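Please open the structure in your viewer and keep the selection tool at hand, as this tour moves from one pair of side chains to the next. At each stop there is something to select and a short account of what is there.

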Amino acid sequence: MTLLDAMEQRHSVRAYTDKPIEKEKIDALNALIAECNRDGDLHIQLVQNEPKAFDCILAHYGKFSGVKNYIALIGKDSDDFDEKIGYYGEKLVLFAQTLGLNTCWVAMSYKKIKNAFVVNKGEKLGVVIALGYGKTQGVAHKSKAAEQVANVHGAPEWFVRGVNAALLAPTAINQQKFKFTLTNGDKVKAEAGAGFYTKLDLGIAKYHFELGAGTENFQWIK
């Protein structure tokens, strides 16, 4: 399965089986986590066999069950923190999908467990990503039309592909509050709208856009 395949097939999953994640898949995930931490100056950590975080009222209210593994998105507190963990977190999410695993972004429906992960001075925990073998493969979310998030009329094919890929990205309460603007032929500006977790959502959407458009075709601008 390619990352493009994973992008189309991956859906949020909240209920997981007891099947353990194989060592080779854990090793592959940890290798990519190390790469993301290096490239993004982050402190992302994989937490294994820890069921307490999702054994709480909020998790039960959020209909989570069987979650024993999750990825803690941690890094230095900065203006671009949310966008960075969105970008690198989705990189891990889609890679997990290629390994046959299921995931779900989780902002509040869990409990922080002491000693499950390390948050150093100057760092903070953003959100976590539930991980494991799902009882189902989830269902597709409703999506806006490309014209609602970008001016795709007359745009080059790579830009349209990027926008359509971004619309496959998971966002908080499925709000899809992002916008992509093409200028000067190959310059793309990505903006987050108002709302909860929109900067994190923008990071996720930008990773999708890159996969769909091809990074060789454009440059990001502020």
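Begin by selecting Lys23 and Asp27, which form a salt bridge whose closest N and O atoms are 2.7 Å apart. The model on your screen is a predicted one, and the distances given on this tour are computed from it. Both Lys23 and Asp27 belong to helix H2, where they sit four residues apart, about one turn of the helix. An α-helix has 3.6 residues a turn, so residues three or four places apart point the same way. If you now show the surface, which of the two partners is exposed and which partly exposed? Lys23 is exposed, with a relative accessible area of 59%, while Asp27, at 39%, counts as partly exposed.

Next, select Glu83 together with Lys206, another salt bridge, in which the closest N and O atoms lie 2.8 Å apart. Glu83 is in helix H4 (residues 81-98) and Lys206 is in helix H6 (residues 198-213), so this pair ties together parts that are 123 residues apart in sequence. Glu83 is partly exposed, its relative accessible area being 26%, whereas Lys206 is buried, because its value of 15% falls under the 20% cut-off.

How many of the residues of H4 are buried? The helix is mostly covered, with 14 of its 18 residues buried. Just after H4, stop at Gly100, which takes a positive phi of about 90°.

For the last pair, select Asp18 and Lys68, which form a salt bridge with their closest N and O atoms 3.5 Å apart. Asp18 lies in the loop between helix H1 (3-9) and helix H2 (23-40), and Lys68 in the loop between helix H3 (57-61) and strand S2 (69-76), so the pair ties together parts that are 50 residues apart in sequence. Asp18 is exposed, with a relative accessible area of 63%, and Lys68 counts as partly exposed at 34%.

Finally, return to a view of the whole structure, where a search finds eleven salt bridges, among them the pair of Asp18 and Lys68.

Conventions: Residues are numbered from 1 along each chain as its sequence is written. This is a predicted model: local features need pLDDT of at least 70, side-chain atom pairs count only at pLDDT 80 or more; totals for chains, interfaces and linings use all residues. Side-chain values use heavy atoms; hydrogens and water are left out. A salt bridge is a side-chain nitrogen of Lys or Arg within 4 Å of a carboxyl oxygen of Asp or Glu. Helices (H or I, at least four residues) and strands (E, at least two) are DSSP runs, numbered from the N terminus. Buried means under 20% relative accessible area, exposed over 50%, partly exposed in between (1.4 Å probe, protein chains only).
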